[in-house]
Amino acid sequence: MATVSNVNPGHRGPLNEYDERVEIGRLRDDEHQRGPSPGIIQVLQDLHDMLIDYHAPRVVHPSIESLRPQSQSFFASMFRRKQPKRLATQIPANLPKGLYLYGDVGSGKTMLMDMFYDTLPHNVTSKTRIHFHNFMQDIHKRLHALKMEHGNDLDAITFVAADIAEKGSVLCFDEFQCTDVADAMILRSLLESLMSHGVVLVTTSNRHPDDLYKNGIQRESFIPCINLLKHRLRVINLDSPTDYRKIPRPPSGVYHFPLDKAAKSHADRWFSFLGDPEKDPPHQAHHSIWGRDIEVPLASGKAAMFKFDELIGRPTGAADYLELMRSYDAFIITGVPGMSYRERDLARRFITFVDAVYESRAKLVLTTAVPLPQLFLSPSEIEDALEEGRQTGSVKHAEEHEDVNDVMRSLMDDLGMNMKMLKNSSIFSGDEERFAFARAQSRLSEMGTQDWVERGMGLEGKGGKAEKESWQRVRSRWREDSL
């Protein structure tokens, strides 16, 4: 695995490099890559700028002995003493969100990643770029050597991840894929361990994360890895779908975490796309419901943008949200916090809003302070619930999930939860709250899918203008039914 020293004396970023290549004729100025609002090149520049201020933590290399299974006395096993969570799974809060660039052959993904790699800021002193297939071959060789020397019970993945992290704080993969069950079983632990050491990951792929390892053996065990990729990397579509208006769709998904420098450009990009800034420049708007005014801080066309505190932080309710749904087809909500049991009122209000968006078939764009599965449960609450499940024996049994869909099941798998544990956990005040939590998580996930986002946009591959008009008729019927 080749790791090289990084040299960028001119502090050039991807945007400077792209402009220069266009000017000298090495590249064509691509509208989708540059974008009318911040496009793919700006996404690369955003991460470059975040890395300027980022200093990876010192890699704490575990000893071989610390990675052996801990033996327990008879009395300790009787009382099921809780094992401390390994540092290897604690991802630093300041770790910049990496990139997952996917698209068809010829979409330019390798060129874009290499341009990012070549212009990394000077404070990134070492970096690694490798084809993903070669990377996994190297990983399996290292794991085999360690287990031959120290036995099969060793947590070798954690050791190898520390070795790799010591060599560079930015790791670029070309052609990320998973076709082998041996890779599928270790990828989640490997990538999470690398991130825990402060390694920033950037990768290209031909597939969206949801399409990785499709129909593979024991694919359900690979779902947590997919969720890790989607939550910890910005997933960027390099293909260039256009609607009948010839407006490029933003390259990233509708949900952005964390609230970093790229969060604002994410929200602005989607607001420009879902609104109509040329015919209806962004402006304040006012609506009346039962004699009360509802203020929309920023509206354009059929899109409305709020800060979380401006909409959910105020005493609003279902009637207000329904009135907004009648007036707008898309909502951009920025600065969404994690809502633990201390913020249950905010959580209930936000869930009511999510239900209104979902039932009206509108679009939802979010920038959040925490990953999607942690919106309503803090990490400490999840850990408490897991421990409660361990003590009652509900965590390790897999009879559950019979009354949830695939989306919710994958979310709970990512959290280490199951339906029995969800229903029995004391972190919820009653059955209705448990159900509302599960429903909101499921609906948020569905509204983040490509199918939901592209529905009604008039994309050429989905029927063009006729498809958009059909979707508008569905929305019109909902408005009539909601009166």
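A: Let's start with Arg129 and Asp174, which form a salt bridge with their closest N and O atoms 3.5 Å apart. A salt bridge here is a side-chain nitrogen of Lys or Arg within 4 Å of a carboxyl oxygen of Asp or Glu. Arg129 sits in strand 3 (residues 126-131) and Asp174 in strand 4 (residues 170-174), so the bridge ties together parts 45 residues apart in sequence. Arg129 is partly exposed, at 27% relative accessibility, while Asp174, at 10%, counts as buried. Those words have cut-offs: buried is under 20% relative accessible area, exposed is over 50%, and partly exposed is in between (1.4 Å probe, protein chains only).

The model is predicted, and local features need pLDDT of at least 70, side-chain atom pairs count only at pLDDT 80 or more, and totals for chains, interfaces and linings use all residues. Residues are numbered from 1 along each chain as its sequence is written, and side-chain values use heavy atoms, with hydrogens and water left out.

Helices (H or I, at least four residues) and strands (E, at least two) are DSSP runs, numbered from the N terminus. Glu17 and Arg21 are both buried.

Now look at another pair, Lys261 and Asp53, whose side chains meet in a salt bridge at 2.9 Å, N to O. Lys261 lies in helix 10, and Asp53 in the loop between helix 3 (40-52) and helix 4 (74-78), so this pair links parts that are 208 residues apart in sequence. Lys261 and Asp53 are both exposed.

By the salt bridge rule, the count comes to 16.

One last thing about the helix that holds Lys261. Helix 10 (residues 261-274) lies across strand 7, strand 9 (292-300), strand 10 (303-307), strand 11 (330-336) and strand 12, and runs at about 170 degrees to strand 12. That angle is taken between N-to-C directions, from 0 to 180 degrees, using lines fitted to C-alpha atoms, for helices over the stretch in contact, where contact means heavy atoms within 4.5 Å.
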